Amino acid sequence: AWVHGDPRKVIYPTDSYGQFCGQKDTANENKTILFYFNILKCASPVVLINLQCPTTQLCVSKCPDRFATYIDVQASYRYKPDQWNYFRQFCKPGFNNPRKSVAQVLRDEDCPSMIIPSRPFLKRCFPDFSTKNGVLTVANQTTFRDGRGKTRNVTDLREAANEDFHTCFPCVSVSCLSSGLFIAMIVSLLFLVLLRFTAGVLFWIFIFGVIGIIGYGIWHCYWEYDHLKGIPGSDLTVYDIGFQTDFRVYLQLRQTWLAFMILLCIVEVIIILMLIFLRNRIRIAIALLKEGSRAIGYIMSTLFYPIVTFILIAICISYWAVTAVFLATSGEPVYKVMANQTLCKYANLTCDPETFNTTNVTKLCPGAQCTFAFYGGESLYHKYIFIFQLANAFVFLWLVNFAIALGQCTLAGAFASYYWASRKPADIPLWPLFSSFGRAIRYHTGSLAFGALILAIVQLIRVILEYLDHKLKGTQNSFTRFLLCCLKCCFWCLEKFLKFINRNAYIMIAIYGKNFCTSAKEAFFLLMRNVVRVAVLDKVTDFLLFLGKILVAGGVGVLAFFFFTQRIPVFAQEAPMLNYYWVPLLTVIIGSYLVAHGFFSVYAMCVDTLFLCFCEDLERNDGSTAKPYFMSASLHRILGKKELSPKKA
């Protein structure tokens with residue numbers, strides 16, 4: 001790709017003649033922007049960027065700044081020559097024949113039928129959209145003439161626009177977003193510290209809140225059931241009335257509320273029984289969460305390791321994107337016949353612009369042109385470019401999964417060194433994170449690459465299935481759609497399972513240094529021997545971390561809302577004037593959520609590592625003097641004297 005590719009095809013837009021806009025030492029050196037004769041013919045922005053819009057495209061030095069139609073300009077060229085001179089700069093080079101009939105000009109596409117106030121975006125002229133009092137406009141107008149005598153609405157050019165995001169983008173990217181993300185980072189750190197003291201309180205408040213809400217639901221169902229007593233028709237059954245599209249009809253039946261009440265009672269009983277029989281395991285899960293906060297407190301550098309993972313993933317994305325661009329631009333210009341007539345049999349066929357005028361295509365299809373379509377070729381290399389793109393995507397998936405695996409193994413090694421320290425923090429090694437990173441790079445690169453390879457293969461299969469599903473969407477074969485749906489579901493489940501296995505395998509690799517397959521097997525059977533603890537710990541951890549992410553994103557979102565609506569007196573002068581603030585507000589909220597997710601992923605890895613170490617500790621040691629437990633005192637107390645007594649032979 002790097003030998004055959006030409007990135008100029010991406011850097012510079014290409015006109016209908018296959019010439020680059022803005023390239024030095026060419027006729028288009030000062031014409032850096034691509035102009036579309038009739039942007040209404042372009043189906044979507046993707047078509048525009050790929051330069052396959054079925055309309056003539058020219059390189060221009062600047063975009064139009066006014067509304068005008070060729071019919072009006074031609075009719076007034078004698079007494080308004082300035083308008084004609086302005087309009088013809090958007091016509092084909094060398095065209096200056098206002099006496100040519102309008103029908104012939106538009107048929108031959110010598111000039112655009114209209115020009116619209118535009119501005120450059122991605123080096124292409126797009127309509128200059130703006131919103132005023134919630135109404136989409138172009139140059140303060142909501143309608144325009146399309147050059148055929150028809151008045152159209154600007155929504156035909158674009159269905160939706162939100163100029164406020166562009167107005168506020170410098171503020172969001174430099175000031176608002178950075179401030180919001182910094183606040184999110186501080187709040188995330190505080191939440192992780194507070195979990196050490198409030199994990200149990202938060203969990204039990206939530207549990208008893210759920211029990212209370214379900215209890216209220218049971219009472220309300222009974223009240224509705226009793227209230228409907230004696231009302232005509234309320235004693236009918238669901239079978240009597242059959243299927244109804246208005247579901248409010250079912251709420252008038254006593255049987256409906258009785259069913260709701262029974263269902264809620266069953267759920268309430270299940271939750272209470274689980275709390276009774278799993279209370280000890282829930283206490284262990286909460287203790288491990290507190291222990292995780294304590295471990296992070298001793299190894300604070302782990303909180304900033306996601307930055308390293310982000311940099312590695314950014315490098316992988318850059319490598320993939322550059323290679324993909326070179327692959328996509330490694331062909332020769334391909335020209336196709338563009339005809340205004342829909343019945344032209346030569347439309348969309350390849351052509352040679354040098355010999356096109358000598359063929360009979362223009363006679364059979366008046367107004368047809370041989371225009372640039374895309375870059376490609378007929379050689380063996382060009383025929384397999386799609387396969388090369390798949391290979392490039394596979395390399396990308398493999399590298400990204402390896403970067404994630406490296407981060408997980410590094411964090412697991414650091415937290416394992418904390419757990420297996422006899423005296424905490426005195427026996428914790430110096431620089432545990434850097435030591436763990438060095439061990440992972442020196443000794444475990446092959447194991448991490450192998451685990452990443454397995455996951456990348458499954459992900460590539462999922463990508464191919466999504467591609468096939470997209471291609472077969474229009475098919476009427478229900479069996480094919482059903483088969484694809486089943487395959488997508490199965491491989492989604494397989495990917496989730498492999499991620500779970502890989503994550504725990506990397507922890508065992510960090511602890512014992514064994515190969516991937518052995519570590520995965522030992523981790524799997526260790527988890528199966530503690531399956532109930534695994535389920536309880538996962539649910540408790542997921543709930544508390546999800547609560548933390550919502551707290552961080554919601555808190556920063558509220559502050560951003562007050563900032564954008566100028567309700568904070570101190571920053572009222574700094575806030576921009578906006579008609580719509582939802583897009584910048586959502587940008588801050590999503591960014592805050594991602595920051596919180598990065599910090600909390602470290603916490604989740606810490607808890608998972610400590611849990612596996614805890615299970616290993618229970619199986620390998622018995623609490624005796626010869627084999628003492630390495631767990632904390634709080635876990636000692638929860639397990640009780642019975643489990644801490646020496647194992648019987």
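Predicted model: local features only at pLDDT ≥ 70, side-chain atom pairs only at ≥ 80, totals over all residues.
Residues are numbered from 1 along each chain as its sequence is written, and side-chain values use heavy atoms, with hydrogens and water left out.

Of the contacts (heavy atoms within 4.5 Å) between residues at least 6 apart in sequence, 68% join residues at least 24 apart.

## Stop 1: the disulfides

The structure holds four disulfides, a disulfide being a pair of cysteine sulfur atoms within 2.5 Å. Three of them are visited here.

Select Cys 21 and Cys 59, which form a disulfide with their sulfur atoms 1.9 Å apart; with -80° about the S-S bond, this link is left-handed. Cys 21 sits in the loop between helix H1 (8–11) and strand S1 (33–36) and Cys 59 in strand S2 (residues 57–60), so the pair ties together parts that are 38 residues apart in sequence. Cys 21 is buried at a relative accessible area of 1%, and Cys 59, at 7% relative accessibility, counts as buried too.

Go on to Cys 91 and Cys 111, joined by a disulfide with an S to S distance of 1.9 Å, whose 110° about the S-S bond makes the link right-handed. This pair links distant parts of the chain, with Cys 91 in the loop between helix H4 (81–87) and helix H5 (102–108) and Cys 111 in the loop between H5 and strand S4 (114–115), 20 residues apart. Both Cys 91 and Cys 111 are buried.

Next select Cys 351 and Cys 370, whose sulfur atoms are 2.1 Å apart in a disulfide that is right-handed, with 100° about the S-S bond. Since Cys 351 belongs to strand S12 (residues 350–351) and Cys 370 to strand S13 (residues 369–376), the pair ties together parts that are 19 residues apart in sequence. Cys 351 and Cys 370 are both buried.

For contrast, select Cys 485, which is in no disulfide, the nearest cysteine sulfur being that of Cys 486, 5.8 Å away. Cys 490 is likewise in no disulfide, and the nearest cysteine sulfur, that of Cys 489, is 5.7 Å away.

## Stop 2: H10 against H13

Show helix H10 (residues 305–328) together with H13; the two pack at an angle of about 175°, with their axes 10 Å apart. Axes are lines fitted to C-alpha atoms, for helices over the stretch in contact, and angles run from 0 to 180 degrees between N-to-C directions. That angle makes H10 roughly antiparallel to H13, on a scale where under 35 degrees counts as roughly parallel, over 145 as roughly antiparallel, 65 to 115 as roughly perpendicular and the rest as oblique. The residues of the contact of H10 with H13 divide into 21 nonpolar, six polar and no charged, where Ala, Val, Leu, Ile, Met, Phe, Trp, Tyr, Cys and Pro count as nonpolar, Asp, Glu, Lys and Arg as charged, and the others, Gly among them, as polar.

## Stop 3: Trp 431

Now select Trp 431, in the loop between H13 and H14. Although Trp 431 is not a glycine, its phi is positive, at about 50°. At 56% relative accessibility, Trp 431 counts as exposed.

## Stop 4: H15 and its neighbours

Select helix H15 (residues 445–471), whose 27 residues reach 38 Å from the first C-alpha to the last, close to the 39 Å expected at 1.5 Å a residue, the expected span being 1.5 Å times one less than the number of residues. Its buried residues include Leu 448, Leu 455, Gln 459 and Asp 469. The buried residues of H15 pack against helix H13 (385–419), helix H14 (432–443), helix H16 (478–512) and helix H17 (516–529).

## Stop 5: H16 across H17

Finish with H16 and H17, whose axes come within 8 Å and cross at roughly 105°; the two are therefore roughly perpendicular to each other. Residues to display include Phe 497, Phe 500 and Tyr 506 in H16, and Phe 516, Phe 524 and Leu 527 in H17, which are among those that meet in this contact. By class, the contact of H16 with H17 has twelve nonpolar, three polar and one charged residues.

Definitions and conventions:
Helix = DSSP H or I, 4+ residues; strand = E, 2+ residues; numbered from the N terminus. Buried < 20%, exposed > 50% of the residue type's maximum accessible area, 1.4 Å probe, protein only.
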